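Open the model in a viewer and keep the selection panel at hand. The stops below go from one selection to the next.

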Amino acid sequence: MEQKIVHLHEIHEPKSFWTKYIFSQDAKIIGIQYLITAFLMGFFAMVLSWLMRVQLGWPGKQFPWLERLMPNAMEGGIMKPEFYIALVTIHGTIMVFFFITAALVGGFSNILIPLQIGARDMAFPFVNMLSYWVFLASCIVLIASFFVPGGPAGGGWTMYPPLSSVKEALPGSGWGTTLWLLSMALFIASTTMGALNYITTVLNLRTKGMTMGRLPLTVWALFVAAIIGLLSFPVLFAGAVMLLLDRHLGTSFFTPYIIVAEQHIPREGGFPLLWQHLFWFLGHPEVYIAILPAMGITSEVISTNARKPIFGYKMMIASICAIGFLSFIVWGHHMFVSGMNPWLGTAFMATTLIIAVPSAIKTFNWLATLWGGNIRFTTAMLFAIGFVSTFVSGGLTGLFLGNPPVDIQLHDTYFVVAHFHMVMGTAAAFGIFAGTYHWFPKMFGRMMNEKLGKLHFFLTFIGVYLVFFPMHFLGFMGIPRRYYAFDQFQSFAAAAGGSINLLISVVAIAVGLAQLIFVLNFVWSAFKGQKADSNPWKANTLEWQAPSPPPHGNWGDELPVVYRWPYDYSVPDAAEDFIPQTAPPVAAKMRKGESKDGKVSGDQGR
Amino acid sequence: MTKRKLGRIDAVLFALLIVALVVTAVVTVGGRFWWLPPLASEHGKAIDTLFIVTLAITGTVFVLVQLLLAFSVIRFAGGEKRRAVHFTDNRTLELIWTIVPAVILTVLIASGGRLWSRIQIAKPPEDAFKVEIWGEQFRWTFRYPGKDGQFGRTDLKLVSVENPLGIDKNDPAAKDDIFFFAGEENLHIPINKPVVVYLRSKDVLHSFYVPQLRVKQDVVPGMVTKTWFVVTKKGEYEIACAELCGLGHYSMRGVMVVEDENDLQNWLKDQLTVADVLP
C-alpha cells in the first residue's frame with residue numbers, strides 16, 4: 001500500500017495555479033477552501049442575525065437606510081414579519097450546516113486527518129474535491145433564495161410542514177423553500193462524499209505504528225462524527241425528497257387535508273409528525289456531528305498547551321463513541337410536546353439525560369488535564385478553555401430541556417435559544433477558532449498575530465455571554481422564540497419589551513464587529529504573518545513533523561513511523577517537555593506504559 | 001513585558017471574567033429578578049419544583065466547574081522554569097465522575113418520569129370539563145360539546161363561511177355543540193376543575209401555550225392532540241402560539257377566561273348551538 005501511495009504522489013503533483021489552489025485534490029487545500037467558505041457563510045449569517053437584533057432591539061423604529069438596501073423586506077424602514085422569520089430560518093440553517101458543520105467536519109477533517117494519521121492524502125482525492133464543489137453549489141443555491149419571488153424559506157431551520165409544504169401558507173414557502181430543500185440535498189450529497197472519504201482514510205491509510213489506540217483525539221472525534229453523518233444525513237435527504245414531492249407533485253407524506261388562506265388543499269392522510277421524526281433523526285445527531293470535532297480540537301489544544309497528557313485518553317475515546325451511539329436515540333426530546341405518544345417521551349428522556357454522563361466525563365477530563373499543567377496561553381488555548389466554559393454553561397441547561405415536564409414550560413422559548421447558542425453555537429464556534437489559531441501555521445506556513453487573537457478572544461468571550469446568558473431569563477419568563485415582536489401580548493411585552501433585548505442587540509452587533517479583528521488577522525497573517533517553523537507549539541502529533549505548510553504528499557519520500565501515543569508531554573526525566581509520536585523508544589528512554597507506574601496517584605494531589 | 005507576564009495577565013483576566021459570570025448568575029437566579037410567570041395551575045406546582053431542583057443541581061455544578069476552571073487557569077499558568085506534572089489517568093477519579101453524574105441523572109430521570117406520567121400519560125378524570133380548541137393562521141377558536149358531553153363529527157371538507165369548523169350537522173352528537181368564529185369569543189373554562197382540551201388545526205402546526213398554567217401542547221393538522229389541567233386562580237390568561245405558524249405567528253393571541261363553574265354554565269346556556277346556527 002505504501003508503494004502505491006508514493007506512486008500516486010509522484011504522478012499527481014499539481015503544477016498550475018488552477019489545479020493546485022482551485023480544483024485541488026489535495027486535502028490540505030480542500031480543507032482551507034472549506035474553512036474559508038464556511039467563514040464567509042458564517043459571517044453572512046451573522047449579518048442576518050444583526051438584522052434580527054435590529055428588529056428585536058428597536059421594534060417599530062424606522063431605519064430608512066435599511067429600506068434603501070432592501071426596499072421590499074424593509075418597506076417604510078420597518079422589517080416585514082415574513083422577512084424576520086426568513087432571517088431566523090436562514091441564519092439557523094447557515095450557522096448549523098454551512099458554518100459549523102462545514103468548518104469542523106469539512107474543514108478540519110481535511111486539514112487534520114491525512115496529516116495526523118501519516119497519510120499522503122485522503123483515500124479518494126477526486127471525490128474529496130467533488131465534495132467541496134458540491135458544497136459550494138449548495139451555498140450558492142441557498143443564497144440565491146434571497147432573490148426569488150417570496151424571498152427565502154421562512155419555516156424555521158426545522159422546516160416543519162405543512163407550513164413548508166404548502167406555498168399558500170407563507171411567502172417564503174414558494175420558491176424559497178424549494179431552493180432550501182435543493183440546497184440541503186446538495187449539502188447532504190457533499191457531506192456523504194466527505195464522510196465516506198474520512199472513514200475510509202482513517203481505517204485504511206494510517207501509517208506504520210499508528211494504531212487506533214494511538215490516534216489523536218481530533219482524529220477519533222472526526223472519525224466518529226463522519227460515521228454519525230454517514231448514517232443520519234441520508235435520512236434527512238429522504239425527508240427532503242418527500243417534502244419536495246409533497247410540494248410539487250401533490251403527494252401527502254406530510255400534508256393532510258388542510259385549509260390555508262381560505263383555500264382547500266386537497267391532500268389526504270399526510271402526517272406532519274413524520275417529518276419531525278425524519279428531521280430530528282438527523283437534526284439531533286447533527287449537533288454531535290458539530291460538537292465532537294470541536295471537542296477533539298479542544299482536547300488536542302488543551303493537552304498541547306497545558307504541556308500535559310490528555311487525562312483519561314481511553315475514557316475520552318469511550319465517551320466519544322458513547323456520545324456517537326446515544327446521539328441516534330435521543331431525537332424525540334425535540335418532540336415532547338409535539339403530540340407524539342407520551343410514553344415515547346419517557347423513553348427519550350432517559351436516553352437524553354444519560355448522554356450527560358459521557359459529556360461530564362469529557363469535561364472533568366479536560367479539567368484534570370489542566371490540573372498540574374504548565375499552561376501556555378496561546379489564543380488557541382484561550383478559545384479551548386472558553387470552549388470548556390461555554391460547553392458547560394450550555395450543556396447543563398440541556399438537563400432542563402431533556403426532562404419533559406420541565407420542557408413543557410421551556411420548550412420553544414428563549415431558554416432553548418440560549419441553550420443551543422451556548423452549547424452548539426458558541427462552543428462549536430470556539431472549537432473552530434481554537435483549531436484555526438492552532439493549525440494556521442500548518443495551513444499557511446505563517447503565524448497568526450497573537451495580540452490581535454487575544455483581543456478577538458476576550459471581546460468574543462465577553463460578548464457571547466452578554467448576548468446569550470440573558471436569554472435564559474427571557475425563557476424563564478416564558479418569552480417564545482421566533483417572535484417578530486412582543487407587543488401583541490401584555491405579559492410578553494412587559495417581560496421582553498424592556499432593556500434586556502436592547503442590551504442583547506447592542507452587544508450582538510458589537511461582538512459581531514469584533515469578528516472583523518479575526519478576519520483581518522486571518523487575511524493579513526496568511527500573506528504577511530511571521531514565518532512559522534514546522535513545530536511552533538512543540539506538539540507531538542504527526543502534522544508537526546511535516547514542513548509548514550506540508551508539500552503535496554505531505555511527507556517527502558518516506559512516510560513517518562509512529563512509536564508512541566500523541567500525548568507524551570512533560571514525561572519525567574525526558575530532556576524536552578514533549579516527545580513527538582515519531583520518536584523511537586530509545587531516544588526518549590521513557591514510554592507511555594513506563595511513565596504510568598506508581599507516579600500517577602502520587603502526582604494526583606497537587 | 002515578558003511572555004510569561006502576558007500569560008499571567010491572560011489567566012487573571014479569564015479567571016476574573018469567569019468569577020464575574022458566576023457571581024452575576026448566582027445573584028440573578030437567587031434574586032429571582034426574572035422568573036417564571038406566576039403559577040395558576042395544579043400540576044404546575046410539581047413542574048416548578050422539578051424546575052427548581054434541576055436549577056439547584058445544574059447551578060451547583062455550574063458554579064463548581066466554572067470556578068475550578070478559573071482556579072486551574074490561574075494556579076497552573078505557565079512559566080519558563082516550571083514543568084507540568086505528569087499523569088495520564090486515574091481510575092478512582094474517573095469512576096467518581098462517571099458514577100456521581102449517573103446517579104444524579106437517574107434521580108432526575110426517575111422524578112421527571114414519574115411527574116410526566118402523572119400529567120401526560122395518566123388519563124384525565126371522567127367528569128372533566130371538555131373543550132375543543134382550534135388553531136388557524138393566526139387566531140384561536142373554540143367548540144364546546146354541549147349537554148351531551150360529546151363533540152359532533154367534523155370534516156374540513158365541510159368548511160364554509162357559515163360552518164368554519166366543518167361540523168357535520170347531521171351527526172346527532174353535533175346538534176348541541178357550541179362553536180365560535182375565529183376571534184369572536186374568548187375561551188371560558190371553570191376554576192378548580194379538571195379541564196381537557198382537544199387541540200385541532202385547520203392549516204399548519206400551532207402550539208397551545210399558556211405560560212401561567214405551565215401548559216404547552218402542539219396543535220397538529222390531521223390529528224387531535226390533547227392535554228389537561230386544573231386552573232387554580234380566576235382571571236384572564238393570554239393564549240399564545242408557541243410553534244412557528246407563519247408571518248403572523250407573533251400575533252396569534254387568544255384569551256382564556258377562568259371563572260366559577262356556575263358562571264360558566266350560565267354563559268354557555270346563553271350561547272347558540274349548531275342546531276340554532278346551522279339549520
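Begin in chain A with two helices: H3(A) passes H6(A) in a left-handed crossing, where left-handed means that the near helix is turned anticlockwise from the far one by less than a right angle, and right-handed that it is turned clockwise. This is a predicted model, in which local features need pLDDT of at least 70, side-chain atom pairs count only at pLDDT 80 or more, and totals for chains, interfaces and linings use all residues. For selections, residues are numbered from 1 along each chain as its sequence is written, and chains are lettered from A and ligands numbered from 1 in the order in which they are written.

Select residues 27-57 of chain A for H3 and residues 125-144 of chain A for H6. Helices (H or I, at least four residues) and strands (E, at least two) are DSSP runs, numbered from the N terminus. The axes of H3(A) and H6(A) come within 10 Å and cross at roughly 10°; axes are lines fitted to C-alpha atoms, for helices over the stretch in contact, and angles run from 0 to 180 degrees between N-to-C directions. H3(A) and H6(A) are therefore roughly parallel to each other (angles under 35 degrees count as roughly parallel, over 145 as roughly antiparallel, 65 to 115 as roughly perpendicular and the rest as oblique).

Now show side chains. From H3(A), residues including Ile30(A), Tyr34(A) and Met41(A) take part in the contact; from H6(A), Met129(A), Phe135(A) and Leu136(A) are among the residues met. Contact means C-beta atoms, placed from the backbone, within 7 Å. The H3(A)-H6(A) contact has nine nonpolar, three polar and no charged residues, with Ala, Val, Leu, Ile, Met, Phe, Trp, Tyr, Cys and Pro counted as nonpolar, Asp, Glu, Lys and Arg as charged, and the others, Gly among them, as polar.

Next, select residues 81-117 (H5) and 217-248 (H8) of chain A. Their axes are 10 Å apart and the packing angle is about 130°, which makes H5(A) oblique to H8(A). This crossing is left-handed. Phe108(A) and Leu112(A) are among the contributors from H5(A), and Leu222(A) and Gly229(A) among those from H8(A).

Show both chains. The contact takes 102 residues from chain A and 88 residues from chain B. On the chain A side, helix H12 (residues 356-370) gives the largest share, nine residues. That side divides into 65 nonpolar, 25 polar and twelve charged residues.

Move to chain B and colour domain 1 (3-80 + 88-121) and domain 2 (129-277); these bounds come from an automatic or database domain assignment. Their C-alpha centres lie 41 Å apart. Nine residues of domain 1 of chain B touch ten residues of domain 2 of chain B.

Select strands E1 (residues 129-136) and E5 (residues 194-201) of chain B, which run parallel and are joined by seven bridges; strands pair if DSSP finds at least two bridges between them. Lys130(B) has Val196(B) in E5(B) as its bridge partner. E5(B) also runs antiparallel to E8 (residues 225-230) of chain B, with six bridges.

Finish at the open sheet of chain B, where five strands lie in the order E4-E10-E9-E6-E7 with mixed pairing. E4 (187-190) and E7 (215-219) of chain B each have a single partner strand, so one side of each is left without a neighbour in the sheet.

Definitions and conventions:
Two residues are in contact if their C-beta atoms, placed from the backbone, lie within 7 Å.
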